[in-house]
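Here is a note to read with the model open beside you. Please follow the points in order and find each residue as it comes up.

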Amino acid sequence: MGLDFIEGQGEDFEKALESTGFGKFHFALLTLCGLIYMDTAISITVISFVLPSAECDFEMSSSDKGLLTAVPMLGMLIGSYFWGCLADTRGRKIVLIWALLMDGTCGIVSAISQSYFLFMFFRLLSGFAIAGAMGICFPYLGEFQPSKYRETILCWMELFWTVGVIVLPGIAWIIIPLDINYVSTNFFFKSWNLFVIVSSLPSILLGIWLCFFPESPKFLLECGEPDEALEVLRNIYNSNTGDTRGNYPIRSLREKVRTLSVVSTQSTKSVRSLRIRKPKELKLLLQEIWAQTKALMKPPHAKYTIITCLIQFGLTSSYYTLMIWFPELFYRFEEYETLHPEGHASVCEVSQIVSNATAGHVKAIECEPIADSVYLHTLIIGLACIPTSFWLPLCVHRLGAKFFLIFSLLVAAGVTFGLYFVNSSLTNLILSCIFEALTSLGISTVYCVMVDLFPTNLRVMAAALSLTFGRGGALLGNLLFGMLIDEVCVVPIVLFGGLLVGSGLLCFLLPNTGKGALD
């Protein structure tokens, strides 16, 4: 086998991947990666149910809430490129495990934090960690898929995100209304603390489960480890077919020439085997990361790097800001309809009226339990995503991922502008459902497209760089929304609508994807 490899007589990776069949292993991997993606939805949006519940314990104003929702986005902004660099040099699997375990641990510690700033700090670390899981799970899953199944399999991930959006308000509805109220001199623990703990556990469990899955064979081959990649493919063949590993028809793999690899030109070691504790090897690793970063900014990759970063900025800033603030908006509608049972007002008017009514009376008015209708409305928003979650994977081969991107972003922009004109909780709910369904569809489709746009050695790094821009937008969006919602909320509505229009128009510049083998 080694002689075949040296002579370059090995089999093409795509052919070798197809020879493993398609079956039990691929469905198990889709389940795992789907649950990781679902877990990212839970981890990112858990703060939206903490806001109304924890505001009395931390005595938060609207600006405080805006800062608290922005901090996880700051963590994701910092973490996205960090994890992307690690995943493209150290491996998809191990870095994904680290990210999941860190997210779960920081989430649990945040739940028992006793001050606003300490809670905010650990949500920052949780956001830092979950950025890695979100950026890696799509490339990791995609690199195991044969070309004819890849785009469809990746699009099914949208369904798992939808399940996360549905499950979270369900968990919140069960736990937060519970009569848990332990308070001592220096410690308190209430139902919302338990809710945060329960929401953090899946990250740890999924990190443990991932230990039983292999490293991406595409990544191993890219690192100059064809024998290890072949072993992974044999195990996949055995899992899918039930046949013995020895009957796998491929005997060797053809290694791709790694023209961008600093390590391959200066060392006999694989980039994956470099040890950061050794100064010389750490220097090589940093040089490799810098070379890959520069490659993203040069032709032929620079064009799509810039386009995807701008699309992510516009889409992610709009989606995460409004999604995190929807429960708060529903809560304000409940407060308004309690104060004015026969009244009708727009989102902006409701926010201003409720803010003025509760100013200076935080403990007296805003410490009431969250109304059941708030949970119900958020649950309905998640359920509204189900049709688009099936529409995407079932029709992506016929219509193309590019169509779904353009359609979802431009229609979502119209819905965002429409938020200014709603005058009841029902119309607010309807537009929120449409917005959530379309923007979450757009986010998943961007990830699917990016798997095809960039080669293996740059794939996670490119996704991470675009995520960095997206999280930067989400960070700014949450800060702006918290500052402006009580006084001039028309500004963020127009701003987010305009960003979605811009992102939708940029999608016209993307190529059609999903047809060929991965580079």
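1. **A contact to start with.** Leaving aside neighbours within four places in sequence, Ala464 is in contact with Ser80, Tyr81 and Gly84. Contact means heavy atoms within 4.5 Å. Ala464 has its place in helix H21. Helices are DSSP runs (H or I) of at least four residues, strands are DSSP runs (E) of at least two, and both are numbered from the N terminus. Ala464 counts as buried, at 2% relative accessibility. Buried means under 20% relative accessible area, exposed means over 50%, and partly exposed lies in between (1.4 Å probe, protein chains only). Ala464 and Gly79 are 385 residues apart in sequence, yet 8.6 Å apart in space, C-alpha to C-alpha.

2. **What you are looking at.** This is a predicted model: local features need pLDDT of at least 70, side-chain atom pairs count only at pLDDT 80 or more, and totals for chains, interfaces and linings use all residues. Residues are numbered from 1 along each chain as its sequence is written, and side-chain values use heavy atoms, with hydrogens and water left out.

3. **The whole chain.** The chain has 22 helices and 2 strands. Of its 519 residues, 60% are buried. Take the contacts with a separation of 6 or more: residues 24 or more positions apart account for 82% of them.

4. **A linked set of charges.** Side chains of opposite charge can pair when their charged atoms come close. A salt bridge here is a side-chain nitrogen of Lys or Arg within 4 Å of a carboxyl oxygen of Asp or Glu. The structure holds 6 salt bridges. Which residues are linked in a network of salt bridges? They are Asp88, Arg92, Glu143 and Arg459. Point 5 takes this network bridge by bridge.

5. **The bridges in turn.** Arg92 meets Asp88 in a salt bridge at 2.6 Å, N to O. Arg92 is buried, with a relative accessible area of 0%. Asp88 is buried too, with a relative accessible area of 3%. Arg92 also forms a salt bridge with Glu143, again at 2.6 Å, N to O. That pair links distant parts of the chain, 51 residues apart: Arg92 is in helix H5 (residues 92-111), and Glu143 is in the loop between helix H6 (116-142) and helix H7 (147-155). Glu143 then meets Arg459 in a salt bridge at 2.8 Å, N to O. Here the partners are 316 residues apart, with Arg459 in helix H21 (residues 456-484). Both Glu143 and Arg459 are buried.

6. **Aromatic pairs.** A pair of aromatic rings is described by the distance of the centres and the angle of the planes. Rings of Phe, Tyr and Trp (its six-membered ring) pair if their centres lie within 6.5 Å; planes under 30 degrees apart count as stacked, over 60 as edge-to-face and the rest as tilted. By this rule the count comes to 32 aromatic pairs. One of them is Phe49 with Phe195, which is edge-to-face: 6.3 Å centre to centre, with 80° between the planes. Phe49 lies in helix H3 (residues 24-58) and Phe195 in helix H9 (residues 191-210), so the pair ties together parts that are 146 residues apart in sequence. Phe49 is buried at 2%, and Phe195 is buried at 0%.

7. Is Phe82 buried or partly exposed? Phe82 counts as partly exposed, at 42% relative accessibility. Trp83 counts as buried, at 5%. Elsewhere, Tyr37, Phe138, Trp161, Tyr319, Tyr320 and Tyr447 form one aromatic cluster.

8. **A histidine in a loop.** Where is His301 found? His301 sits in the loop between helix H13 (279-296) and helix H14 (302-339). His301 counts as buried, at 15% relative accessibility. Not counting residues up to four places away in sequence, His301 touches Ala295, Leu296, Phe454, Pro455 and Leu458.
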